[in-house]
Amino acid sequence: MRIIADENIPCVTQAFASLGEVTLLPGRGMQAHQVRDADILLVRSVTRVDAHLLAGSNVQFVGSATIGFDHVDRAYLQQQGIGFSTAPGSNATSAAEYVVSALLALAAQQGFDPSGKTVGIIGCGNVGSRVRHRLAALGMHCLVNDPPLQAQGGHDDFVDLDTVLQADVITLHVPYTREGPYPTHHLVDAAFLALLRHGAVFINTARGAVADNAALDALLGSRSDLSVVLDVWEGEPDISMSLLEKVQLGTSHIAGYSLDGKLRGTEMIYRAACAHFGQPLQWQAADDLPAGLSLDLRELRAAPLLIQLQAAVFGCYDIRRDDASLRELAALPAAERPASFDRLRKEYPVRREFPQASITTGDPDGELAQALATLGFCVTG
């Protein structure tokens, strides 16, 4: 079989080599003539998969190594009998850890303690539920708004959007949709933003267009009390430099970019492809994961709990490095910025998730060890 794959899907050649010949292409510029003779097409969110790309092709299976599928015309694939799979939840842990690092970075910058603050989580699926679990470990009180999930039942602690807007921190974890009973396009609009309480923190790691970036830019021009963290932007890769200048932390759509999460996504679509074609599994993500980190926090035993938590989290993932990398775009000519944004993603350094880090605290039963364990770290002593 012939396989066309986005060049940014990690280990895709190793994973799919047993199924056929793998050709790597830039995902954002993938063209119909390039995929015409392919049997399998493997993409990420930057490739629009529809009739324009696939009409007249030999493609029998499409795999998207992403948690979302708003870039795929699923109705067309079903109509054509083309198999399809995504990687739901593959980067959920990574995205949740991004939110933890962001809040601890803001705490370091602004001198506050997240413990005791209220966080409003909009969307409590794979990512939002993990965010809730981890922020509770920081001593935060969590409010959850998720109308689609609420309609399914099973929980009794959902709150309405007006209640969420009273929170100290608001973080978005919803899919991007324009239609249906719960559209999320510009869910965060000027009216939403105007209701943010004084000193609020707003975080978006969902999709850029869930928040009206122009409205957000305008609001930040008049409200210096707000702290905004953006990983996703409208118009990617040509993002607003004006908005980047105003946010406290900005990154290049990499919240879910841990190596663990990316390889998990590759494995999920590989397994789906093997099942579709009735082929045996010959690769797993663990084959290509390096050894984890070891951190020793015993020298910080006398420090406040927050300082110790920051040391552990930043030792594994420090969001401030990604923020600094993105801000370098401002020094480039405007025409070069989109390619540089994409390059930050393509050349993203290896980042591992908290569970792979072994941490020595000197008190494996103490408060720090318990909080680290809830965050997902492996506490060894």
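Asn-213 sits in helix α10 (residues 213-220); helices here are DSSP runs of H or I with at least four residues, strands are runs of E with at least two, and both are numbered from the N terminus. Asn-213 counts as buried because its relative accessibility is 9%, where buried means under 20% relative accessible area, exposed over 50% and partly exposed in between, with a 1.4 Å probe and protein chains only.

A word on the model before we go on. It is a predicted model, in which local features need pLDDT of at least 70 and side-chain atom pairs count only at pLDDT 80 or more, while totals for chains, interfaces and linings use all residues. Residues are numbered from 1 along each chain as its sequence is written, and side-chain values use heavy atoms, with hydrogens and water left out.

Now look for the open sheet of 5 strands, whose order is β2-β1-β3-β4-β5 with parallel pairing. Two strands pair if DSSP finds at least two bridges between them. At the edges are β2 (21-25) and β5 (83-85), each pairing on one side only. From one strand to the next, the twist averages 15°. Helix α12 (residues 259-277) packs on this sheet and touches β3 (40-43), β4 (61-64) and β5, with its direction making about 165° with that of β4. Such angles run from 0 to 180 degrees between N-to-C directions, and the axes are lines fitted to C-alpha atoms, for helices over the stretch in contact. Strand β1 (residues 2-6) runs parallel to β2 and is joined to it by 5 bridges; Arg-2 stands opposite Glu-21 in β2.

There is also an open sheet of 6 strands, again with parallel pairing, in the order β7-β6-β8-β9-β10-β11. Its edge strands are β7 and β11 (249-250), and each pairs on one side only. Strand β7 (residues 141-145) is mostly covered, with 4 of its 5 residues buried. Strand β6 (residues 118-122) runs parallel to β7, and 5 bridges join the two. On its other pairing, β6 meets β8 (residues 169-172) in the parallel sense over 4 bridges. Ile-122 is a handy landmark: it stands opposite Asn-145 in β7, and its bridge partner in β8 is Leu-172. Helix α5 (residues 92-110) lies across β8, β9 (201-204), β10 (227-230) and β11, running at about 145° to β10.

Ile-122 also leads us to Phe-192. Not counting residues up to four places away in sequence, Phe-192 touches Ile-122, Leu-161, Leu-165, Ile-170, Leu-187 and Phe-202. Phe-192 lies in helix α9 (residues 190-194) and counts as buried, because its relative accessibility is 4%.

Finally, turn to the second largest pocket, with a volume of about 370 Å³. Of its 17 lining residues, the closest to its centre are Ser-45, Asp-70, Arg-207, Trp-233 and Glu-236. A pocket is an open set of points on a 1 Å grid over the protein atoms alone, where a 1.4 Å probe fits and protein lies on both sides within 12 Å along at least five of seven lines; lining residues have an atom within 4 Å of a point. The volume is the space filled by probe spheres set on the points, which are joined across faces, edges and corners. By class, the lining has 4 nonpolar, 6 polar and 7 charged residues; Ala, Val, Leu, Ile, Met, Phe, Trp, Tyr, Cys and Pro count as nonpolar, Asp, Glu, Lys and Arg as charged, and the others, Gly among them, as polar.

Key
Contact = heavy atoms within 4.5 Å.
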